[in-house]
Amino acid sequence: MALSPFHLAIPVHEHPKTASQEKAHTNAVDGHDVPVPHFGIVLEWAQWEALADRLHDRDTQFVIEPHIRFKGEPGEQATMFLYDPCGNALEFKAFADMGQLFAK
């Protein structure tokens, strides 16, 4: 399945965390505490690897380091989490098999 390119413009300005960001919590997923809420994007595998390398090269502080989640199981995926400058949680993920995108 080919992914269509998209564009989402969200003006982001540095400001104190909002009340909802201060009260944000996590959900346990495959041994990691995933920030909730978060904004996520699915990339092609090579794009994800290149981004992970660039972020490591820039000494990015990750909430969850780049890794493979659900290894050998349905829904196996590469994922990483970080916060933007305003404290919003961002997830970047990729699937070796895009047919597994919604697998359980």
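The following dialogue takes up some of the terms applied to this predicted model.

Trainee: What pattern does the chain follow?
Mentor: Along the sequence it reads α-β-β-β-α-β-β-β, with two helices and six strands. Helices (H or I, at least four residues) and strands (E, at least two) are DSSP runs, numbered from the N terminus.

Trainee: What makes Trp45 and Trp48 a tilted pair?
Mentor: A pair of aromatic rings is described by the distance of the centres and the angle of the planes. Rings of Phe, Tyr and Trp (its six-membered ring) pair if their centres lie within 6.5 Å; planes under 30 degrees apart count as stacked, over 60 as edge-to-face and the rest as tilted. A search of the whole structure finds one aromatic pair. That pair is Trp45 and Trp48, at 6.3 Å centre to centre with 40° between the planes, hence tilted. Both residues lie in helix α2 (residues 45–57), three residues apart, about one turn of the helix.

Trainee: How do you know that the buried residues of α2 line one face?
Mentor: The buried residues in α2 are Trp48, Leu51, Ala52 and Leu55. Seen down the axis of α2, they fall within an arc of 100°, so they line one face of the helix. The arc is that of the directions from the helix axis to the C-beta atoms. The face turned away from the buried side carries the exposed residues Ala46 and Asp57.

Trainee: Why is Asp84 called buried, and what does its side chain reach?
Mentor: Asp84 has a relative accessible area of 16%, so Asp84 is on the buried side of the cut-off. Asp84 is found in the loop between β5 (77–83) and β6 (89–94). Its side chain reaches the backbone nitrogen of Asn88 at 2.9 Å.

Conventions:
Residues numbered from 1 in each chain as written. Predicted model: local features only at pLDDT ≥ 70, side-chain atom pairs only at ≥ 80, totals over all residues. Heavy atoms only, no water. Buried < 20%, exposed > 50% of the residue type's maximum accessible area, 1.4 Å probe, protein only. Polar contact = N/O pair within 3.5 Å; in protein donor to acceptor, adjacent residues only side chain to side chain.
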